[in-house]
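Here are my notes on this model. Please read them with the structure open.

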Amino acid sequence: MQTRPKNEFRPYVPSDVSMREFTLKALFLGLFLAVILGAANAYLGLKAGMTISASFPAAVIAIAAFRLPFFKGTVLEQNITRTTAAVGEAMAAAAIFIIPAFVIVNIGGERLWTTFHYWETTLILLVGGILGILFIILLRRTLCVDAELPFPEGTACYEIVKAGQKGESGASLVFGAMGLGILIELFKNSSGFTIFQECKEFLIKLPHSIIHHFDTSKKPLGDITHEGGIVFQTPLASPALMSVGYIIGPKYSAINFSGGVLAWLVFIPLTLFLNPNLASQLSSAGNVVSYQNLAYSCWYNIVRPFAVGAMLIGAFYTLYGLRKSLFSALKGVFAKYEHIGNITGRTEKDLNLKSIVIIAFLLIVPMGFLYYHFCGHLMGAIAAAIVLAVTAFLFAAVGGWLVGIVGNSNQPLSGITLASLIIAALIMLAVGVKGISGVAAVLGVAAVICAAASMSGDIIQDLKVGQLIGGTPWKMELAGIISVIVMAFILVFPLVILHEGNILAGGIGIGDAKLPAPQAGLMAHLAAGIVGGQMPWGLLVMGMFFTVALILIKAPSPMLIAVGMYLPFETTFAIFIGGIFKWIVEQKMKKQNYTAEEYESTENRGILVASGFIAGEAITGVLLAALVLLGVPSITELVTGREELGILSTAGGWLSLIVFAIVAVTLIYLPFRKPRQA
């Protein structure tokens, strides 16, 4: 009897089987989901500083959709839909991590952008996204086959797809949670029909303390009366943020919240305690400064630059921790190309590799013109284009390799972007490009590289899922390129809607406490500091040494702690609450002695519920912001003629407990329900 070689791989759909795959209905459904999931992740990324993988909800929705009597389709059509849809999240991550920096940057009162420039934004996302796909096509077989990487999230997504073919469906979990998320957001958003208060704020005054100061010989120097307080906020009544905490788990949600605790319960009270005259100093111009405003100013102008320094070291420490993987990636990328030109099977055919190389180089040309448009300096534009060409390929390769090891959700995209930004900034300084124009060129380079690295990570994971299913690579690659083109022209709209809607609602746009955009803020600070010459270096250096101290005591994920300091306290608090919900689920599974298969199935159902909550709240948030832009301040005012209902101020805080109860019951109970059979 003949035995199959150990290394021979057989996909779910064998390569010699032909079935419908790249169809219009599969492509259009994928594009529709890409827009929805992209807008939702843009909202989530600006609010919480992180995005969630769209592969799982997209796979489940595709399975459900292709079972409908009028929409029946094959597993390979589902694969095309999922691949097309997942691009939305990857492009959203690229957009929110750095594009808002163009709006946030302010050098001596001079703004780079006051709103998003459509064509510049579109070109950056378009070129970056396509470069990411093209570069990863060159590396597909190296990463998916030769390197034998585990692809943890890709494998999990394949198991969901495979289970879906047996009749198991989680679509009701996604859509049910999405409906709940929509309803809750309508009743808590200030632009909706508001009856829930998102959070409550309390001032805890500290007692007066007289400090007797003296020198080293104990000679009295004087007495100073110190006072202060702690501004404490309850967690945001946000299903989306709690779902983020649920997805990342109790460990990482607690680490993230520890940054909020340090910022709001340690550093800000300490700053105000050490300068008891700050309120009178700021009131000298006739302003009446409340303690809450003092705390906010300290967070925004002192703690956040401190956190930028902490994130800087944290990002490089993260990359250092992955140094073996990085070197393996670069080594593996150039190691094996003997397969090119010897491919015959359907499941091994990529788009034409020679054409890919030519198109990739041609795409660098329009970016050179864009950089010249930004900085008006020919050598600077040429240098920026060269940096882009080299680093985009290297970081796309590294990003793809890391996804194969740790999964797309754990790809250190901000660290990769930060490294590219610093390289570009130093080169701009070397060729003499400074000021606001130099900042624009630096951000432009980093933005394209961010998009390329984000897309490379997404598409390589989808290609791995496709390899396991038996999809045709060139069809998946083409679907991804089409989705990138569509998303590049669309994604700017949710950014504009959220930015302008926040301004009309009384905020400052992106960068406001409700849309802090931590990664973009970090990029803006560094670009303005290095190239524009505007940086609170003292705070930055202190933040850097703070992370060094965290590294010395082997604190887990210093980068995540720093991000927690940069975010509003009520945001990290809500994420932490979601982590607690996940901890309860994990404890329940341990108590009931779940098998590995039962554990994975329950965890996947929980992720689907959380994904539905995120999509529901985020989409509603974008739509309500659009309503404000159309001249409707809120649904409350539209229906009742009043700015707010009386119940909001009297009982809105207590009523918000209903939100926490609904989310808790849903995230803890529903994952344990057995899936329905189709």
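1. Which helix gives the largest share of the lining of the second largest pocket? The answer is α11, with five residues. Keep in mind that this is a predicted model.

2. The second largest pocket holds about 1,300 Å³ of space. Its lining counts 49 residues. Ser190, Glu198, Ala505, Asp512 and Lys514 are the ones nearest its centre.

3. Several elements build that lining. At least two residues each come from α1 (24-48), α8 (171-188), β5 (220-233), α11 (291-321), α18 (492-504), α22 (569-591), α23 (596-629) and α24 (635-640). By residue class, the lining of the second largest pocket has 21 nonpolar, 17 polar and eleven charged residues.

4. One of these lining elements, β5, also belongs to a hairpin with β4. Strand β4 covers residues 201-214 and pairs with β5 in the antiparallel sense, over twelve bridges. For a landmark, take histidine 212: its bridge partner in β5 is aspartate 223.

5. Five residues separate β4 from β5 in the hairpin. Look at lysine 218 in the turn, where phi is positive, about 70°.

6. Now the helix pair. How do α3 and α19 cross? The axes of α3 (residues 75-98) and α19 (residues 518-530) come within 6 Å and cross at roughly 45°. That angle is why α3 counts as oblique to α19.

7. Which residues make the contact of α3 with α19? From α3 come Ile96, Phe97 and Ile98. They meet Gln519, Ala520 and Met523 of α19. The residues of this contact are five nonpolar and one polar, with no charged residue.

Notes:
Residues numbered from 1 in each chain as written. Predicted model: local features only at pLDDT ≥ 70, side-chain atom pairs only at ≥ 80, totals over all residues. Heavy atoms only, no water. 1 Å grid on protein atoms, 1.4 Å probe; cavity = no way out; pocket = protein on both sides within 12 Å on 5 of 7 lines; lining within 4 Å. Points joined across faces, edges and corners; volume = space filled by probe spheres on them. Helix = DSSP H or I, 4+ residues; strand = E, 2+ residues; numbered from the N terminus. Nonpolar A, V, L, I, M, F, W, Y, C, P; charged D, E, K, R; others polar. Pairing = 2+ DSSP bridges. Axes fitted to C-alpha atoms, helices over the stretch in contact; angles between N-to-C directions. Parallel < 35°, antiparallel > 145°, perpendicular 65-115°, else oblique. Contact = heavy atoms within 4.5 Å.
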